[in-house]
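This note sets out some points for a colleague who is examining the model.

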Amino acid sequence: MGTKVRISRDVDQIHGWLYHRGMSWCVYLLECSDGSYYAGITNDLENRIKAHNNGTGAKYTRGRGPVKLLAQQSFDNRSEASKAENAIKKLPKNLKLGFFA
């Protein structure tokens with residue numbers, strides 16, 4: 001029984017490594033068709049933008065398409081990208097694009 005728990009933990013650790021550190025993450029800023037901005041994170045920017053434009057992305061961007069990519073910045077892991085996304089979302093609109101400068 002102890003072996004099964006050990007294997008389960010190993011799988012969880014490997015999954016965590018792949019999910020958080022095994023791929024590049026980025027934070028991105030979109031301009032929606034109504035002029036509003038949307039910030040998000042992804043590990044596949046091209047497909048994420050397609051999802052936003054076909055209505056299967058974030059709720060916020062549904063009905064506000066097409067969206068236009070304004071900026072992006074890469075991070076080594078999901079945690080750092082999420083922290084950057086939260087920082088961007090706290091900024092007033094006129095400062096959001098400057099985050100990427």
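Predicted model: local features only at pLDDT ≥ 70, side-chain atom pairs only at ≥ 80, totals over all residues.

1. K83 and K90 are exposed on the other side of α3, while the buried residues of this helix are A81, A84, E85 and I88. Seen down the axis of α3, the buried residues fall within an arc of 105 degrees, so they line one face of the helix. Buried denotes under 20% relative accessible area, exposed over 50%, and partly exposed in between, with a 1.4 Å probe and protein chains only. The arc is that of the directions from the helix axis to the C-beta atoms.

2. Residues are numbered from 1 along each chain as its sequence is written, and side-chain values use heavy atoms, with hydrogens and water left out.

3. Helix α3 covers residues 78–90, which makes 13 residues, and spans 19 Å from its first C-alpha to its last, close to the 18 Å expected at 1.5 Å a residue. The expected span is 1.5 Å times one less than the number of residues. Helices (H or I, at least four residues) and strands (E, at least two) are DSSP runs, numbered from the N terminus.

4. At the start of α3, a side-chain oxygen of N77 comes to within 3.2 Å of the backbone nitrogen of S79. The buried residues of α3 pack against β1, β2, β3 and α4 (93–96), where contact means heavy atoms within 4.5 Å.

5. The sheet is open and has 3 strands in the order β2-β1-β3, with antiparallel pairing. Strands β2 (37–42) and β3 (68–75) stand at the edges with a single partner strand each, so one side of each has no neighbour in the sheet. Two strands pair if DSSP finds at least two bridges between them.

6. Strand β1 (residues 25–31) is joined to β2 by 6 bridges. Y28 stands opposite G40, and L29 stands opposite A39. The hairpin of β1 and β2 has 5 residues between the strands, and G35 takes a positive phi near 90 degrees there.

Notes: Polar contact = N/O pair within 3.5 Å; in protein donor to acceptor, adjacent residues only side chain to side chain.
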